[in-house]
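Trainee: I would like a close look at one part of this model, the sheet together with the helices packed around it. Please take me through it piece by piece.

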Amino acid sequence: MRQRILQLRKRIKEEKPLIHCITNPISIHDCANVILAVGARPIMAEHPAEVADITASAGALMLNLGNITDARIESMKRSMRTAMENKIPVLLDLVGVACSDLRLDLARELLSIGHPAVLKGNMSELFAVSGLPSHAIGIDAGAQDALTAENMETVSEVLRAFSRNNQAIVLATGKQDFVTDGERVVLVQNGSAALSGITGTGCMVGALTAAYLPASVALAFAGTPAALLAAITMGISGEHAASGSRGPGSFQAALLDEVFCMTDSQLQNQAQIRRIG
């Protein structure tokens, strides 16, 4: 898996794929910049009249359900259809589906249109879309839904089944990130508490995953290495940025620099990943 991750990094820098993001305005700037930092090219078009054309020309599509509007809902549906028709990989970020029926219904409608390559959310969001009780606090996961040693086996089986049912890689973000393809489960244990001190870091993980999807398709890797690479990159970058920053402002700037400056050696030697199934 580590070798595949390095191949993805190399490929994206060589090919510079276009990544179409329909995301919330709170994190749009950060998502665009983190995509640029790893070598891809972002386009953040969201007008319903143009999104089909934009998606058709892209290497991957990122749909983020944060800060929903009527126009963004229509654009997401149109882009999802275009991506499915053109076999363009999709990252669907389930932001807020555990606290809003509007977002939950939209997520289910998008899933009825086609299968994303990667479904991303925190544990509360993934439980909600799975039809299970969840305990979200706004867009944040509730403490009752956190992944623990005691519930690891149960949660793993739930998310494996969710992955299989939706034919998608599932990326659950949190203090440790959880990735499954429906069979294998890998935990990413890198990260820093400072990542939760600024807005948009979860959205940035989604953007990074989407950025790596075109290379994953080209190399026939499916979506697991892309999700792992995104989670590891953000986790290690957060650790480094936190060690040299004075507060959230300097941390935010340092985080983007760390993503840009990440080396293959750092990824190989500092990634804390554990296979549990």
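Mentor: What follows goes from the sheet to the helices, and then to single residues.

Keep in mind that this is a predicted model.

Now take two of the pairings. Strands of a sheet pair through backbone hydrogen bonds, either parallel or antiparallel. Strand 1 (residues 18-22) pairs with strand 3 (residues 60-64) in the parallel sense, over four bridges. Within this pair, Cys21 stands opposite Met62 of strand 3. Strand 4 and strand 5 also run parallel, joined by three bridges. There, Leu92 faces Leu119 of strand 5.

Stay with strand 5 (residues 118-122) for a moment. Is it buried or exposed? Five of its five residues are buried, so strand 5 is largely enclosed by the rest of the structure. In a regular strand the side chains alternate between the two faces of the sheet. Here Val118, Lys120 and Asn122 point one way, while Leu119 and Gly121 point the other way. The buried set therefore takes in residues on both sides of strand 5, with Lys120 and Asn122 among them.

Next, helix 4 (residues 70-86). Helix 4 holds Lys77. That lysine is buried, because its relative accessible area is 16% and the cut-off is under 20%. Which residues does Lys77 contact, leaving aside its neighbours within four places in sequence? They are Leu106, Glu109, Leu110 and Ile113.

Helix 2 (residues 28-37) comes next. Its buried residues are Asp30, Cys31, Ala32, Val34, Ile35 and Ala37. The cover over them includes strand 1, strand 2, strand 3, helix 8 and helix 10 (248-261). Just past the end of helix 2, Gly39 has a positive phi of about 110°.

Helix 8 leads on to the helix packing. Two packed helices are described by the angle between their axes and the distance between the axes. For helix 8 (residues 201-218) and helix 9 (residues 224-244), the axes come within 8 Å and cross at roughly 140°. The two are therefore oblique to each other. The crossing is right-handed. Helix 8 brings Thr201, Met204, Val205, Leu208, Thr209, Tyr212, Leu213 and Ser216 to the contact. Helix 9 brings Ala226, Ala227, Leu229, Ala230, Ala231, Thr233 and Met234. By type, the contact residues are 11 nonpolar, four polar and no charged.

Helix 9 has another partner, helix 1 (residues 2-15). Their axes are 9 Å apart, at an angle of about 80°. That makes helix 1 roughly perpendicular to helix 9. Arg4, Ile5, Leu8 and Arg9 of helix 1 meet Pro225, Ala226, Leu228, Leu229 and Ile232 of helix 9. This contact divides into seven nonpolar residues, no polar and two charged.

Definitions and conventions. Residues are numbered from 1 along each chain as its sequence is written. This is a predicted model: local features need pLDDT of at least 70, side-chain atom pairs count only at pLDDT 80 or more; totals for chains, interfaces and linings use all residues. Side-chain values use heavy atoms; hydrogens and water are left out. Two strands pair if DSSP finds at least two bridges between them. Axes are lines fitted to C-alpha atoms, for helices over the stretch in contact, and angles run from 0 to 180 degrees between N-to-C directions. Angles under 35 degrees count as roughly parallel, over 145 as roughly antiparallel, 65 to 115 as roughly perpendicular and the rest as oblique. A crossing is left-handed if the near helix is turned anticlockwise from the far one by less than a right angle, and right-handed if clockwise. Contact means heavy atoms within 4.5 Å. Ala, Val, Leu, Ile, Met, Phe, Trp, Tyr, Cys and Pro count as nonpolar, Asp, Glu, Lys and Arg as charged, and the others, Gly among them, as polar. Buried means under 20% relative accessible area, exposed over 50%, partly exposed in between (1.4 Å probe, protein chains only).
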